[in-house]
Amino acid sequence: MTSTSRYTSMSTTAHTTASDLPAAVAVPRHHAADLRVRAWHSEPRVIVDAGARWPALRRWTPDYLTRVAGDRDVRVREATGPPTNLFQRPCDSGWIAFADYLNWVLDIDTEVAGRYLGDHTDLAHAIRLIGDLELTTSYYLNGQLAAVSPQLADDVRIPDWLATPIRSVNLWCGVIGTSCGLHCDLVPNCNAQVVGHKHFSLYPPDQTRLLYRIGGRTHCRFDPSAPDFAAFPRARRATRWECTLAPGEALYIPPGWYHQVTVVSGWSVNVNVFWERSWPHGLLAPALWPHLLRLATAQARQRLSR
Ligand SMILES: O=C(O)CCC(=O)C(=O)O
């Protein structure tokens, strides 16, 4: 990682921004005690107190993260330009000490602190700001939490929303404007915020036709953070849901729901939990059937080859 020539002068260009999107449905907000996750039919929910008892919430300061995990090697995605849509764009990945990665993150956090007077919910502002920084290279950390650090894994509490086994628990850490790109997962997902704020644009599985999926993949070409309705006209008709998570809050994302997740604070750390799918999950969404069939075939092949 280089620490030079990251910042150059500000520039402005005319383009469509997230503020040009049609109004969205606000994801309903619940307390954990009231949450019922149903396999057949479910919708996203923000759980406002999901992380209330996580030790991570009070422990994960830069000093603590550096002390307990700073010398661990972590794998980061690396791309030229700003850190937007890092799962759709060509990326390299490489290993770096967590402390060095955190230094890069906190350096940018300091840089934006002087300029960022937003309320940490404004997606368009976050995207504009990271564009203005003109990063020549950007990075995103995403790895299995226990592999990054067993001690950090002890600081989280897995929600008991579903009876199926846990598939993976992942750590995400990035700077303002970082996003994964619009995609869906085929398994139930809880995304819990520990440090900073993240914005979620979500679309139900029945909107698939309007989102311009890439080939047979679960990623989309349409980008809600820079909506290009000339190239993707059907997307204007797509029903979008949205929410922003603050520390201690979590979002339940049912299988098949498309989501684009974007950091809207200087830096962000969050943890996501994937559960195994119980069999009815996703069956009511025909757009997912080809993916589910592929998944079932791959699993059957795996079992046969054992
Ligand atoms: O937090 C992110 O950037 C991406 C999270 C995500 O894609 C997920 O939870 O499925």
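Here are some questions and answers about a predicted model of a protein.

Q: How many helices and strands does the protein have, and what share of its residues count as buried?
A: The secondary structure comes to seven helices and 13 strands. Of the 306 residues, 40% count as buried.

Q: Why is Ala69 called buried?
A: Let's check the count against the cut-off. A residue is buried if 20 or more other C-beta atoms lie within 10 Å of its own. Ala69 has 20 such atoms within 10 Å, so Ala69 is buried. You can find Ala69 in helix α2 (residues 62-69).

Q: Which residues does Ala69 contact, leaving aside its neighbours within four places in sequence?
A: Ala69 is in contact with Phe98, Val148, Ser149, Gln151 and Leu152. Take Ser149 from that list: Ala69 and Ser149 are 80 residues apart in sequence, yet 5.9 Å apart in space, C-alpha to C-alpha.

Q: What share of the contacts between residues at least 6 apart in sequence join residues at least 24 apart?
A: The share is 84% in this protein.

Q: What makes β2 and β5 edge strands?
A: Start with the sheet itself. Nine strands form an open sheet in the order β2-β3-β11-β8-β13-β7-β6-β4-β5, with mixed pairing. β2 (29-30) and β5 (92-97) each have a single partner strand, so one side of each is left without a neighbour in the sheet.

Q: How do you know that β2 and β3 count as paired?
A: Two strands pair if there are at least two bridges between them. Two bridges join β2 to β3 (residues 45-47), so the pair meets the cut-off. The two strands run parallel, and His30 stands opposite Ile47 in β3.

Q: Which strands of the sheet does helix α3 touch?
A: Helix α3 (residues 98-113) packs on the sheet and touches β4 (73-80), β5, β6 (137-144), β7 (166-175) and β13. The direction of α3 makes about 100 degrees with that of β5.

Q: Which residues touch the most other members of the largest nonpolar core?
A: They are Tyr101 and Leu251, in a core of 67 residues. The largest share of this core, seven residues, comes from α3. Not counting residues up to four places away in sequence, Tyr101 touches Val74, Val76, Ile96, Tyr139 and Leu141. As a general point, nonpolar side chains in soluble globular proteins tend to be buried together.

Q: What makes β9 a mostly covered strand?
A: Six of its six residues are buried. On one side these are Lys198, Phe200 and Leu202, and on the other His199, Ser201 and Tyr203, so both faces of β9 are covered.

Q: Where does β9 sit, and what are its partners?
A: β9 belongs to an open sheet of four strands in the order β1-β10-β9-β12. β9 (residues 198-203) pairs with β10 (residues 241-245) in the antiparallel sense over five bridges, and Phe200 has Cys243 as its bridge partner there. Six bridges join β9 to β12, again antiparallel, with Tyr203 partnered by Tyr258.

Q: How do the residues around the ligand divide into nonpolar, polar and charged, and what are they?
A: The residues are Trp172, Cys180, Asp185, Asn189, Asn191, Val261, Asn270 and Asn272. β8 (189-195) and β13 (267-275) are the elements that give two or more residues to this shell. The shell divides into three nonpolar, four polar and one charged. Asp counts as charged, so Asp185 is the charged one.

Technical notes. Residues are numbered from 1 along each chain as its sequence is written. This is a predicted model: local features need pLDDT of at least 70, side-chain atom pairs count only at pLDDT 80 or more; totals for chains, interfaces and linings use all residues. A residue is near a molecule or strand if its C-beta atom, placed from the backbone, lies within 6 Å of it. Two residues are in contact if their C-beta atoms, placed from the backbone, lie within 7 Å. Axes are lines fitted to C-alpha atoms, for helices over the stretch in contact, and angles run from 0 to 180 degrees between N-to-C directions. A residue is buried if 20 or more other C-beta atoms lie within 10 Å of its own, exposed if 12 or fewer, and partly exposed in between; C-beta atoms are placed from the backbone. A nonpolar core is a set of buried Ala, Val, Leu, Ile, Met, Phe, Trp, Tyr and Cys residues joined through C-beta atoms within 7 Å.
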